[in-house]
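Me: I would like to learn how to read a structure feature by feature. Can we start with the surface?

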Amino acid sequence: MKTNFSGILTLLLALIVQITFAQEKTISGTVSDDSGLPLPGATVLVKGTTTGTSTDFDGKYSIATEQGSTLVFSFVGYTSQEIVIGVSNTINISMKEDAETLEEVVVTALGISREKKSLGYAVQEVSSEELNKSQQTDVISSLSGRVSGVQLNSSTNMGGSKRIVIRGASSFFGENQPLIVLDGLPLDNSNFNSDATQEGNGGYDYGNTLNDINPNDIESMTVLKGTAAALYGSRAANGVIIINTKKGKAGTDSFSINMSSSVNMESVYLMPDLQNKYGGGAIIDDEDGGVDGFEVANINGSDYKVVQYGVDESWGPRYNPNISVLHWDAFSEDYPADYLMPILWVAPKHGVRDFFETGVSTVNSVSLTRTTENAGLRFGYTNTKTSGTIPNSEMLKNNLTLSGNMKLMDKLSLSSSMNYVRTSAKGRPLIGYPASNQNFGTPLGQTLFQWTQRQIDYERSKNYLNSDGTQRSWNRNAWDDPTPHYSDNHHWVAYESYSDDERDRFFGNFGLNYEITEGLVLGSRVSGDIYTFYNRERVAVGSQATSFYYESVRNNYEYNFETTLNYDKQINDQFHINVLAGANKNKQRLHLNRGQTSGGLVVARLYNLLNSAGNVLINDNTTQKNINSVFGSLGIGFNDMLFLDLTARNDWSSTLPEKHNSYFYPSASLSFLFSEPLEVSWLNYGKIRAGWANIAKDTDPYNVISTYQFNTDGTFQGTPRIFSPEDLLNSNLKPERTETWEIGIETKFLNNRIGLDLTYFNNITTDQIIPLEVSKATGYNGKFINAGEITNNGIEITLQIAPIRTEDFSWDIGINYTKINNEVKEIVEGIDAMDLGSAPFDGVTLRASVGKPYGELWGYDFLYDDDGNKVVGSNGYWSRTANLVPLGSITPDYNMGIRNSFSYKNFDLSFLFDIQKGGKFYSVSHMWGHYAGTWGTYCRCK
């Protein structure tokens with residue numbers, strides 16, 4: 001019985017195994033696109049399980065599964081397919097491209113969304129996903145290396161200035177930066193730095209107002225160049241950057257909360273190559289009473305070697321560990337451990353790099369989004385807190401955003417966004433090299449890298465105060481005279497003579513749209529940008545410079561009132577038409593009130609204008625500007641592959657004379673999708689395009705009719721002094737004109753693995769508004785005229801490559817390249833060169849010369865012999881040229897960005913190389929650092 005049971009059990013198990021193996025089967029096949037090309041890396045997954053595989057290079061796959069199960073085939077950019085397993089062991093799949101992926105939509109002029117394939121001009125978009133990869137605390141830095149044709153120069157100062165130029169500088173003295181538009185609102189992007197600060201003289205870098213925008217609120221950024229920007233008016237002559245913020249989009253019933261936190265740390269990376277062999281001061285020869293090169297001082301009956309503290313250079317004795325001297329901090333009885341204590345004459349343990357701190361920036365953001373079928377609402381709050389690399393420097397920024405949209409009636413809808421931001425900063429560094437007539441203390445860069453003594457220990461210099469509140473300066477007059485000779489203690493500058501500021505800003509818009517009939521929409525929108533900027537600067541009592549206090553308040557507003565009528569209609573199977581007509585009224589006003597003390601401060605650490613020892617100097621200034629505009633556009637599409645766009649705009653500006661204040665500018669563009677009729681299997685997308693535009697630009701207020709100004713140096717015997725402008729104004733002034741055209745080609749091929757966008761452009765700017773210098777005998781410094789011509793032409797290349805794409809892993813490469821040829825064609829008849837600015841001490845001059853690139857640096861150069869060697873004069877110094885000669889242009893040879901992005905499931909890794917080749921610059925630190933013996937390799941030139 002037992003044997004029979006065992007036999008039956010064996011037969012039963014064999015039957016089960018046979019049935020099991022009969023149900024399992026191996027499915028194989030090929031996955032290709034609809035043209036028959038294989039899709040390597042496509043994912044094949046058994047639905048409801050974790051069993052899956054990927055296709056090989058030839059698109060082939062093999063997977064074990066059961067009859068009746070379902071296989072899911074998926075590939076990036078293609079519509080997924082599900083196949084139920086039947087009796088066949090071979091399943092070949094032809095996948096179709098996802099229509100939503102193919103129809104790429106971008107935001108263009110006036111906030112109009114267009115299919116990118118229909119555009120006849122170059123446009124690039126950066127998504128929020130791309131922006132958030134680097135977690136920048138400001139918006140403009142996010143574009144670095146990501147967009148062709150864009151050159152970005154950024155200050156490394158906390159909250160510092162950013163300068164962005166699209167397709168090269170086109171104006172001698174006018175604004176060369178693009179217009180910034182956020183959710184249809186033109187934003188003010190003022191830079192509060194004075195001309196002296198921008199030329200390298202003393203001042204504080206207060207940054208741009210664009211720093212107020214919160215990167216966490218951005219959904220996308222679109223860069224419009226050349227003909228693409230014509231519809232925006234005169235301020236778009238240098239291009240447009242369109243910023244779209246995140247919104248709650250009506251259509252579904254949902255509620256979501258998003259929270260994010262990030263921490264960024266920074267430290268000083270690049271510094272000049274400072275020498276570490278010689279200390280500060282000067283060498284005292286033996287015949288002059290010196291010992292080992294030092295002065296000998298008898299203090300309290302004992303002889304000590306002392307440094308030449310009053311000399312702010314490093315031509316002192318060579319370091320020697322066998323020599324001990326009294327350093328600058330050995331003379332205050334408030335610090336008994338240091339008092340009259342000689343220290344070894346060696347390189348400091350804590351050098352210049354140790355003066356700087358690790359900067360930390362924390363960003364905490366939260367947003368709430370609520371949507372229904374007919375309404376959407378989003379609220380966002382972001383707190384950004386930064387401690388800078390300079391001691392006692394910090395910045396706090398709070399952003400509040402509220403946006404919403406609602407369908408009020410069947411044909412009436414509204415949309416609105418409101419933004420409030422408060423930014424406060426303390427301890428922005430004093431930069432540049434102040435002139436003798438500028439009321440500033442000691443710039444840190446000057447005393448860290450130029451005029452300094454190399455033996456200073458920056459840990460010990462933290463003890464910068466005596467018990468009575470007076471300063472302990474390393475640059476004291478002498479061992480027995482603690483008065484600062486040239487420079488203050490570095491920490492005194494950071495903690496006592498600092499600046500602080502705050503800005504409150506509100507910007508937003510409110511709009512209504514009414515659909516009159518199908519395809520015909522009437523829109524109206526009002527938008528405003530209002531801010532108050534309050535900044536204070538101080539030089540503490542006890543500083544080397546005269547104590548001083550300055551404060552200013554800027555109140556700025558801009559309002560735009562706009563109405564549009566838009567008709568968008570698919571006429572038939574072949575023709576699509578879009579017609580737009582609109583009008584805009586722009587109002588701008590800036591009120592600046594500033595005051596400063598004179599003759600010093602009466603009470604230490606009391607920073608109020610009424611604490612002035614002399615008369616308070618006050619300046620009160622108001623500027624206003626209005627622009628009225630009408631505009632229109634016509635877009636025609638044929639067979640969804642040929643597109644024509646025409647635009648026109650006319651502005652009336654209050655800053656131009658009445659007979660020239662109306663200026664008209666048109667544009668035209670054409671694009672053709674050559675991939676449609678070709679139907680080539682390896683070509684997914686191909687387009688050629690061409691565009692042309694003529695754009696005009698007005699001038700600043702009050703350059704046409706003379707207006708009186710108050711003398712800011714104070715009154716004369718109690719009576720205010722009024723004077724007329726120092727420049728002769730021009731009642732016949734005309735707007736600047738820029739004519740631009742471009743051609744380009746866009747392609748995507750090999751299953752969208754490779755994408756290429758190539759553009760050639762040419763810009764010609766004429767009728768430049770120039771303040772031409774005239775003879776002082778006329779009673780004026782210069783006069784405003786229309787003259788000059790600058791050309792910019794070049795190429796832009798954008799290359800996208802996807803070497804690997806699977807369901808879980810992808811590798812994407814993005815390359816942007818820009819090469820711009822800039823030339824000054826003409827200035828004024830009889831004038832071949834014009835100075836645009838100069839560096840401190842007239843080290844170099846920035847000049848525009850006919851036949852040369854805009855922005856050449858002119859200065860003295862070394863003399864060279866026939867073999868290229870520098871010539872040494874009879875005095876032992878390098879010889880130099882007798883006159884100024886061209887040293888090179890500030891314009892780079894090319895700009896390039898290379899980005900690599902890797903994604904594996906929920907993990908992302910990306911890195912970016914931002915490259916600029918060429919472009920000359922002049923360094924005052926380099927000049928004085930060598931002169932003062934601070935830098936490593938030195939020379940003195942006469």
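## Reading the features

Reply: This is a predicted model. Take the nonpolar surface patch. F255, I257, M259, L368, L377, F379, L400, L402, M418, Y420, F506 and I530 form it, with about 1100 Å² of accessible area together.

Me: Which elements give two or more residues to the nonpolar patch?

Reply: They are β18 (254-266), β26 (375-387), β27 (394-407) and β28 (412-426). Strand β18 supplies the largest share, three residues.

Me: Where is F506 found, and is F506 buried or partly exposed?

Reply: A residue joins a patch only with over 30% relative accessible area. F506 is partly exposed, because its relative accessible area is 38%. F506 sits in strand β32 (residues 499-517).

Me: Let me step back to the whole. How many helices and strands does the protein have?

Reply: It has eight helices and 52 strands. The C-alpha trace spans about 120 × 95 × 65 Å along its principal axes. Of the 942 residues in the protein, 47% are buried.

Me: How do I read a sheet? What is the order of the open sheet that three strands form?

Reply: Read the strand order, then the pairing sense. Here the order is β4-β1-β7, and the pairing is mixed. The edge strands, β4 (60-66) and β7 (93-95), each pair on one side only. Neighbouring strands of this sheet are turned by 35 degrees against each other on average, direction ignored.

Me: In what sense do β1 and β4 pair?

Reply: Antiparallel. Strand β1 (residues 24-33) and β4 are joined over seven bridges.

Me: Next, salt bridges. How many does a search of the whole structure find?

Reply: The search finds 34 salt bridges. Start with D212 and R505, whose side chains meet at 3.1 Å, N to O. D212 lies in the loop between β15 (203-204) and β16 (218-224) and R505 lies in strand β32, so this pair ties together parts that are 293 residues apart in sequence.

Me: Are D212 and R505 buried or exposed?

Reply: Buried means under 20% relative accessible area. D212 is buried, because its value is 1%. R505 is buried as well, because its value is also 1%.

Me: Which residue forms a salt bridge with D217?

Reply: R378 does, and the closest N and O atoms are 3.3 Å apart. This pair links distant parts of the chain: R378 is in strand β26 and D217 in the loop between β15 and β16, 161 residues apart. Both R378 and D217 are buried.

Me: And what about R536 and E502?

Reply: Their side chains meet in a salt bridge at 2.9 Å, N to O. R536 is in strand β33 (residues 520-539) and E502 in strand β32, so the bridge ties together parts that are 34 residues apart in sequence. R536 is buried, with a relative accessible area of 9%. E502 counts as buried because its relative accessibility is 17%. Salt bridges that share partners also build a network: R167, K225, K687, R689, E742, E746, D757 and E796 are joined into one.

Me: Last, aromatic pairs. How many are found in the whole structure?

Reply: The search finds 29 aromatic pairs. Y464 lies in the loop between α5 (444-449) and β30 (476-478) and W492 in helix α6 (residues 490-495), so the pair ties together parts that are 28 residues apart in sequence. Both Y464 and W492 are buried.

Me: Why is the pair of W741 and Y760 tilted?

Reply: Their ring planes are at 50 degrees, so the pair is tilted; the centres are 5.6 Å apart. W741 is in strand β43 (residues 736-749) and Y760 in strand β44 (residues 754-773), 19 residues apart. W741 counts as partly exposed at 33% relative accessibility. Y760 also counts as partly exposed, at 29%.

Me: Which residues do ring pairs link into a cluster?

Reply: Y433, W451, F841, W928 and Y931.

Conventions. Residues numbered from 1 in each chain as written. Predicted model: local features only at pLDDT ≥ 70, side-chain atom pairs only at ≥ 80, totals over all residues. Heavy atoms only, no water. Pairing = 2+ DSSP bridges. Helix = DSSP H or I, 4+ residues; strand = E, 2+ residues; numbered from the N terminus. Axes fitted to C-alpha atoms, helices over the stretch in contact; angles between N-to-C directions. Patch = residues over 30% accessible without salt bridge, like charges linked within 9 Å, V, L, I, M, F, W, Y side chains within 5 Å. Areas by Shrake-Rupley, 256 points an atom, 1.4 Å probe, with all protein chains shown as cover. Salt bridge = Lys/Arg side-chain N within 4 Å of Asp/Glu carboxyl O. Buried < 20%, exposed > 50% of the residue type's maximum accessible area, 1.4 Å probe, protein only. Phe/Tyr/Trp six-rings, centres within 6.5 Å; stacked < 30°, edge-to-face > 60°.
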